[in-house]
Amino acid sequence: MNFQPYAISQSQLAGTFVPEQILRGRVMEILPDRNVLLQLGANQVIAKIDAVNPPLKAGKDYLFQIKQLSQPVTAQVLHRRPGDRNQIPSGESMVQSTLETFRVKDDAVNRQLVQSFFDMGEPLTREMLVASRALIGEDLLLLQISSLSAG
């Protein structure tokens, strides 16, 4: 039997994104007209990006925020700051940029949550981060209560 690989169309993949979502992606190829081929987790997608200076480099990871679910998807590069102009962003600066973009507290728990989403290749919204933080807060409170009861 001859099996053809299953290809995800741009329209199917666009349905998995939500505006304002932040993702870490690898630039696979620079295309004409500010389009790039991105590796987002296990999927590849063509995205139109805002002009960035200096230009993106193929094979490097960047932080993207989904702006529109058009064809192609429109994304903004988030990590670019005056101090980062000649550097590929570090994981730490990507996490800090995400926290600033979402306007949430920059603390150890939020940093770890954002890094966990990026490490798993999962997209992240502000609502997901806030909900995850709330769940962790409840678990920590229950853990503290149970340890007090046991003592």
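**Figure 1. Thr125 in the predicted model.** At 9% relative accessibility, Thr125 counts as buried, because the cut-off for that class is under 20%. The residue lies in a loop, with α3 (108–119) on one side and α4 (126–150) on the other. Leaving aside residues up to four places away in sequence, Thr125 touches Gln21 and Phe102. The coordinates shown here and in the other views belong to a predicted model.

**Figure 2. Overview of the predicted protein and its elements.** Secondary structure in the protein amounts to 4 helices and 5 strands. Read from the N terminus, the order of elements is α-β-β-β-β-β-α-α-α. Of the 151 residues in the protein, 32% are buried.

**Figure 3. Confidence along the chain.** Mean pLDDT for the protein is 77, with 72% of the residues at 70 or more. By element, β1 has the highest confidence, at 91, whereas α1 has the lowest, at a mean of 44. Over residues 1–14 pLDDT stays under 50, and the model has 15 contacts beyond four places in sequence for this stretch. Where pLDDT is low, the predicted coordinates should not be read in detail.

**Figure 4. The closed barrel of 5 strands.** The strand order in the barrel is β1-β2-β3-β5-β4, and the pairing is mixed. From one strand to the next, the twist averages 55°. Antiparallel pairs include β1 with β2, β2 with β3 and β1 with β4. A parallel pair is made by β3 and β5. In a regular strand the side chains alternate between the two faces of the sheet.

Figure 5. β1 (22–31) and β2 (35–40) run antiparallel and are joined by 5 bridges. One of the residue pairs across these strands is Glu29 with its bridge partner Leu37 in β2. The hairpin has 3 residues between the strands. Asp33, in the loop between β1 and β2, has a positive phi near 60° although it is a residue other than glycine. Relative accessibility of Asp33 is 62%, so the residue counts as exposed.

**Figure 6. The hairpin of β2 and β3.** The antiparallel pairing of β2 with β3 extends over 6 bridges. Across this pair, Asn35 stands opposite Lys48 in β3. The hairpin has 2 residues between the strands, and Gly41 takes a positive phi near 65°.

**Figure 7. The parallel contact of β3 and β5.** Strand β3 covers residues 43–49 and strand β5 covers residues 73–77. These two strands run parallel and are joined by 3 bridges. Ala47 stands opposite Val73 in β5.

**Figure 8. The pairing of β1 with β4.** β4, made of residues 61–68, pairs with β1 in the antiparallel sense over 5 bridges. Here Arg24 has Leu63 of β4 opposite.

**Figure 9. The aromatic pair Tyr62 and Phe64.** In the whole structure the search finds 1 aromatic pair. Tyr62 and Phe64 form this pair, with 6.4 Å from centre to centre and 65° between the planes. The geometry counts as edge-to-face because the angle of 65° is over 60 degrees. Both Tyr62 and Phe64 are buried.

Figure 10. Phi of Glu20 is positive, at about 80°, although the residue is not a glycine. With 41% relative accessibility, Glu20 counts as partly exposed, because that class lies between the limits of 20% and 50%.

Conventions
Residues numbered from 1 in each chain as written. Heavy atoms only, no water. Phe/Tyr/Trp six-rings, centres within 6.5 Å; stacked < 30°, edge-to-face > 60°. Buried < 20%, exposed > 50% of the residue type's maximum accessible area, 1.4 Å probe, protein only. pLDDT = per-residue confidence, 0-100. Contact = heavy atoms within 4.5 Å. Pairing = 2+ DSSP bridges. Axes fitted to C-alpha atoms, helices over the stretch in contact; angles between N-to-C directions.
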